[in-house]
Each structure stands twice: as structure tokens, then as C-alpha cells.
Amino acid sequence: MPFFNSEYLSFRKDIPAIHNRKSQLCSYYIDLINSFDPFVNRVLYYYIRSLSLLADGYDEEAITAADNTVDVIFQAIKQRKQIPTKARIDMYNIVQTEISLPSGTVEQLENLYQLRCGFSAHPAHSKWWDFSETYESDIEAIMYSVKSTVIKFLMFERDNRKIEKVPSCWSDWFMDNCDIIYDAVWFHKSPILN
């Protein structure tokens, strides 16, 4: 057994076994997440960034990060299902069908997009100083919908897995996935560096 696996197993043994609802839910999400998949990695990055910004009181920036989360999910589904590029409004029904979004989620995702366009992606025309107070309950509902969308996307990725989560041979895994990893680390595509 390679050294890193023994270290990992040793670390796992030191974690106390607590069996309550919260720990079971955490274990479920950990088992569900495949962060080797570049789309999953980007979705989680933007989602965690959004939650962090929201917790620190940067609501407008949190909305932008939350919308980026949703946009990456749309990109992933377009690529996995080989769907030609469509306007965002046309993607909602496709995404809803592909990942079985709960009812009302599409409307909240459209609200998120409208808030992003109206307040955080471009300078707001009015009420920018009251954004947090004006949209507080809307932001809460939107973030719940984003969370639901992220979970449904993680389930979609699990059911349509392209990149192995627990490889038996890392060198084979790398050879099978190096082109995807290279594309995910997109420095070669940066407009400023080229």
C-alpha cells in the first residue's frame, strides 16, 4: 500500500465516530463530492466563496459568486450532454430536466441572474445602498435554491461520472485524465498572459 494511503487510513482512525444526523449528512456529502472533476471543483469553489462573502456581509459579491456557481453547472451539463450553446433563458428547462431540480428553483435561479445583472455585475442604477436590506429575504431563498442546484448537480455528476473519484492506480488515472486536468488549469488560455 502506498505511503499516502496508510497516512490517510491512520488519519481516518483518529476521527471520532459520532453518529448523529449532522455527521451522517456530512458523510453523505463527502462521499458524493468528486472534486477531481474540474466542473465539480469550480462549482464548489464558487459556492463556498459565495457563502463566505455572504457571511461577511458582502451580499452583492456573494450574488456574483452564486451566479458563477450556477453558470458552471450549466457549462458542465452543456459539455456532458453535448448541447450547443444556448442563451441562459433556454438552458433553464434543459438543466431542470437533466438534474431534476425541485419546483420553484428555476424561478429563483432567474432571480439570482437578474440581481447579478442589476446590482453586482454592472454598476447599479438605483438602490445600491439598500441592496442587502431590500433583498434580504430574496437572497435567503435564492441561496437555498443554489444549494439545491449544487446538490442535484453533484448527484448528476455521480450518476454520469467521467473522472474516477478513487483511482486504484494514480499513474493510470493521470494518463487517462491529463488532458482534462490540463484544460482545467487554464493558464494557457489566459488573455493577459498570451
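Tutor: Let's start with contacts, where a contact means heavy atoms within 4.5 Å. Of those in the protein chain between residues at least 6 apart in sequence, 64% join residues at least 24 apart. The model is predicted, so to speak with care: local features need pLDDT of at least 70 and side-chain atom pairs count only at pLDDT 80 or more, while totals for chains, interfaces and linings use all residues. Residues are numbered from 1 along each chain as its sequence is written, and side-chain values use heavy atoms, with hydrogens and water left out.

The protein chain has nine helices and zero strands; helices are DSSP runs of H or I with at least four residues, strands are E runs with at least two, and both are numbered from the N terminus. Buried residues account for 32% of its 194 residues, where buried means under 20% relative accessible area, exposed over 50% and partly exposed in between, with a 1.4 Å probe and protein chains only.

Now to your rings. The structure holds eight aromatic pairs. Rings of Phe, Tyr and Trp (its six-membered ring) pair if their centres lie within 6.5 Å; planes under 30 degrees apart count as stacked, over 60 as edge-to-face and the rest as tilted. Phe-36 and Trp-170 are edge-to-face, because their planes stand at 85 degrees, with the ring centres 5.4 Å apart. Phe-36 sits in the loop between helix 2 (21–32) and helix 3, and Trp-170 belongs to helix 9 (residues 170–184), so this pair ties together parts 134 residues apart in sequence. Phe-36 is partly exposed at 34% relative accessible area, and Trp-170 is partly exposed at 35%.

Another edge-to-face pair joins Phe-74 and Tyr-92, at 5.6 Å centre to centre and 80 degrees between the planes. This pair links distant parts of the chain, 18 residues apart: Phe-74 is in helix 4 (residues 59–80) and Tyr-92 in helix 5 (residues 88–99). Phe-74 is buried, with a relative accessible area of 4%, and Tyr-92 counts as buried at 3%. Over the face of Phe-74 lies Arg-88, 5.2 Å from the ring centre; a charge sits over a ring if NZ of Lys or CZ of Arg is within 6 Å of the ring centre and within 35 degrees of the ring normal.

Back at Phe-36, ring pairs link this residue with Trp-170 and Trp-173 into a cluster. At the start of helix 3, a side-chain oxygen of Asp-37 comes to within 2.8 Å of the backbone nitrogen of Phe-39. Helix 3 (residues 38–55) has 18 residues and reaches 26 Å from first C-alpha to last, close to the expected 26 Å, a span taken as 1.5 Å times one less than the number of residues. Its buried residues include Phe-39 and Tyr-47, along with Val-43 and Leu-44. After helix 3 comes Gly-57, with a positive phi near 90 degrees.

Terms used:
Polar contact = N/O pair within 3.5 Å; in protein donor to acceptor, adjacent residues only side chain to side chain.
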